[in-house]
Amino acid sequence: MQSWWLDRDAEAIIAHGAKSGIDADFALRIYTTRLLGRDRKLVLHGGGNTSLKTHVVDAFGEKVVVLRVKASGADMAAIEPEGLPAVRLEALRRLRARDDVGDEELVAIERANLTDPLAANPSVETMLHAFLPHKFIDHTHATAVLSVIDQADGEKKCAEAFGGRLAYVPYLMPGFGLAKKAIEVFERAKPSDGLILGKHGIVTFGETAREAYERMIGMVTLAEGFIARNSRAVVAAKRVRDTEPVTAISPIVRGACSLKEEKIEGAWRRLVLDFRASDAALHLMNAEDFERIRDAGVITPDHPIRTKNWPLVLPFPERGKLDDFAKAARQAANDFVVRYRTYFTRHNKRSGGGKLELDPLPRVVFVPGVGLFGLGRTKRDAAIAADIAETWAEAVTDTEAIGKFESISEADMFDVEYWPLEQKKLGVRKELPLAGQIAAVTGAAGAIGCATARAFAATGAEVVLLDVNLAAAREVAQAIGPTALAVACDVTDAASVDEAFGTIAEAFGGVDIVVSNAGAAWQGRIGEVDEAILRKSFELNFYGHQRVAQAAIKIMLAQRTGGCLLFNVSKQAVNPGPDFGPYGVPKAALLALMRQYALDYGADGIRANAVNADRIRSGLLTEDFVKERAKARGVSEKDYMIGNLLRREVTAEDVAQAFLHQALALKTTAAVTTVDGGNIAAAMR
Ligand SMILES: [Zn+2]
């Protein structure tokens, strides 16, 4: 493993820190914390932690000796000064006299001794840092180290691999007990470089930031060398068989890993998927005793809250046998849920009861010949689960190459999965109504599409922005957030629509809500209009919607969790305007199309609804067009825009809210919502 320490960068961060009163030690603590955090072979997503023993001036102007330690759950790669809160060291050290300190009391004591009472909670491993005497301490879950120590004879392998430079602390759950055990082992063995925390990770220390960091890199390099020297040549039988594509598999996996909400009829608890065609995972699935390996457990106690203790492993999806795969996938997912619930009941009883069961759905799914999926209530959580699963496959592969993978016990995994301090890392999240759902919007770069995508994202959905203008859709996606996805889609081209929905299935696992919004207006007196214009309008304003709905239905039927098709119909469908036939006639057909979908797919739980909007400033109704129409009618632009019963201008946001309402109204299908400020001639009858 390479050291990324650069004198130039270290000096720059010291100089930068000096401007805001940060001394060199603290600046370098931030620097090497970031260096460690940036390497996914060392830590992943909020795992690992670092500390510095130093002094600060507290709120009373007194100089106090403190432990600056990473805040719980903070991401080392992006650590800032606030991510290393300062705790009075003396108070923490006095706790060593106690036999035990409960988790809640410990957090309370740590908080009471923060020099800044508003600082974040210190790491769950704070006491380990406090008890060890060294100025700088680094702790990671390095993949290569885990491969050496996640073994039945981990202690022996540790002695061989690190030549006595690290002392071995047997597994204990993180917290006060582990901290006491670690300092006992340290004082007895007096290792030169650090500690191994059995089945958990590695600690290195030093008098300077660089020393602790370089020791971490050095020890991981020793672990890598040990693995290279001791690996048995593993010849995995290569199975070259034809699989179904991931675009066909994803919706099946996603549907199988969903649960009917018990309290709300028609609602599902859904997850978002993140797919990886991970070589390590594909290879590992070919291992002869993969059945033993897959159930063996996690590589470090940091992971159960993200991945659960085992992945769901599905059968091989042989090409041409998708129905068989779907059936087997649903059965396997059911079995997983039953197993998880039994596991929870068993260990909840053992640990005295009173725990609240997490949802029993898998967070990692392996599909032989295809790859792995991370699952989560958000795309971000799904990606974290996938990252950890990839690392798990890499670490376990090496573990098996030099011995036999052994994790902590199931009881130990339960204790960390349901440890209140670990649960806190996930944050107290109030879930939004569309959490776990995927919404695709066509014509997303336009005014109504853009407002609709924003409204769905703000309500918790993952959004996909489809537009023929990819650059414009990207701009909207970037403004919404890092997981919003822009996809090029020309709804007048069947291949483009199929490809776009394939991209959605691969990127998120499927789709639940489709807002079919793309459209454009053509004019002409119907008896005289060129047939080519009418056909052009039908291509976009009718067939465009049909293609999108068809592609969505295919995915929704594979998921088997219902869905929602929403169409932008326009008031022209019920209240045609003069010389507007080329636009109104296909829109009237679209209204019929919506009703046909509601009728044909109601039994599958798929709803279809429409919004009749009128007079919205957009690509259809440009500023110039508004000027022209207002002039033609001899009214001001404002009066033209509020020419309705309520005398209020209707906006793209109003239309977005109507779509959102339809998506949330689980008992409403074949309905039309009119958003036009009131126009009695356009009222539905
Ligand atoms: Zn740890």
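**Entry 1: a buried lysine**

I started with Lys53, which is buried but has no salt bridge. Glu207, the nearest side chain of opposite charge, is 8.2 Å away. My terms: buried means under 20% relative accessible area, exposed means over 50%, and partly exposed is in between (1.4 Å probe, protein chains only). A salt bridge is a side-chain nitrogen of Lys or Arg within 4 Å of a carboxyl oxygen of Asp or Glu. For charge, Lys and Arg count as positive and Asp and Glu as negative, while His and the chain ends are not counted.

Before going on, I noted that this is a predicted model, where local features need pLDDT of at least 70 and side-chain atom pairs count only at pLDDT 80 or more, while totals for chains, interfaces and linings use all residues. Residues are numbered from 1 along each chain as its sequence is written, and side-chain values use heavy atoms, with hydrogens and water left out.

Where is Lys53 found? I found Lys53 in strand β1, residues 49-57. Strands (E, at least two residues) and helices (H or I, at least four) are DSSP runs, numbered from the N terminus.

What lies 2.7 Å from a polar atom of the Lys53 side chain? My answer is the backbone oxygen of His134. I also listed contacts of Lys53, leaving aside neighbours within four places in sequence; among them are Val66, Leu89, Arg93, His129, Pro133 and Ile137. Contact means heavy atoms within 4.5 Å.

**Entry 2: the zinc ion**

Next I asked which residues coordinate the zinc ion. They are His139, His141 and His200, each through NE2, at 2.1 to 2.2 Å. Donors are N, O and S atoms within 2.8 Å of the metal (3.2 Å for Na, K and Ca); water is not among the atoms, so sites may look incomplete.

I wrote the spacing of the donor residues as H-x1-H-x58-H. His141 lies in the loop between β4 (136-140) and α6 (143-149), and His200 in the loop between β6 (194-197) and β7 (201-206), so this pair ties together parts that are 59 residues apart in sequence. Are His141 and His200 buried or exposed? Both are buried.

In the loop between β6 and β7 I also found Lys199. Its phi is near 55°, a positive value in a residue other than glycine. Lys199 counts as buried, at 13% relative accessibility.

**Entry 3: another positive phi**

Asp579 is not a glycine either, yet it has a positive phi of about 60°. I placed Asp579 in the loop between β18 (563-568) and α22 (581-601). With 41% relative accessibility, Asp579 counts as partly exposed.

**Entry 4: helix α9**

Helix α9 runs over residues 209-230, which makes 22 residues. From first C-alpha to last, α9 reaches 32 Å, close to the 32 Å expected at 1.5 Å a residue. The expected span is 1.5 Å times one less than the number of residues. Buried residues of α9 include Ala209, Tyr213, Met216, Val220 and Phe226.

I then looked for a charged pair here. Arg210 forms a salt bridge with Glu214, with the closest N and O atoms 3.2 Å apart. Both lie in α9, four residues apart, about one turn of the helix. Arg210 is partly exposed at 35%, and Glu214 is partly exposed at 27%.

How many salt bridges does the structure hold? I noted 44. One of them joins Asp359 and Lys308, whose closest N and O atoms are 4.0 Å apart. This pair links distant parts of the chain, 51 residues apart: Asp359 is in the loop between α14 (322-350) and β12 (364-367), and Lys308 is in the loop between α13 (304-307) and β11 (312-313). Asp359 and Lys308 are both buried. I also saw a network of salt bridges that links Arg269, Lys308, Asp359, Arg363, Arg377 and Glu431.

**Entry 5: the whole protein**

Last, I stepped back. The protein has 25 helices and 20 strands. Its C-alpha atoms fill a box of roughly 95 × 65 × 50 Å, taken along the principal axes. Of its 685 residues, 55% are buried.

Conventions: Polar contact = N/O pair within 3.5 Å; in protein donor to acceptor, adjacent residues only side chain to side chain.
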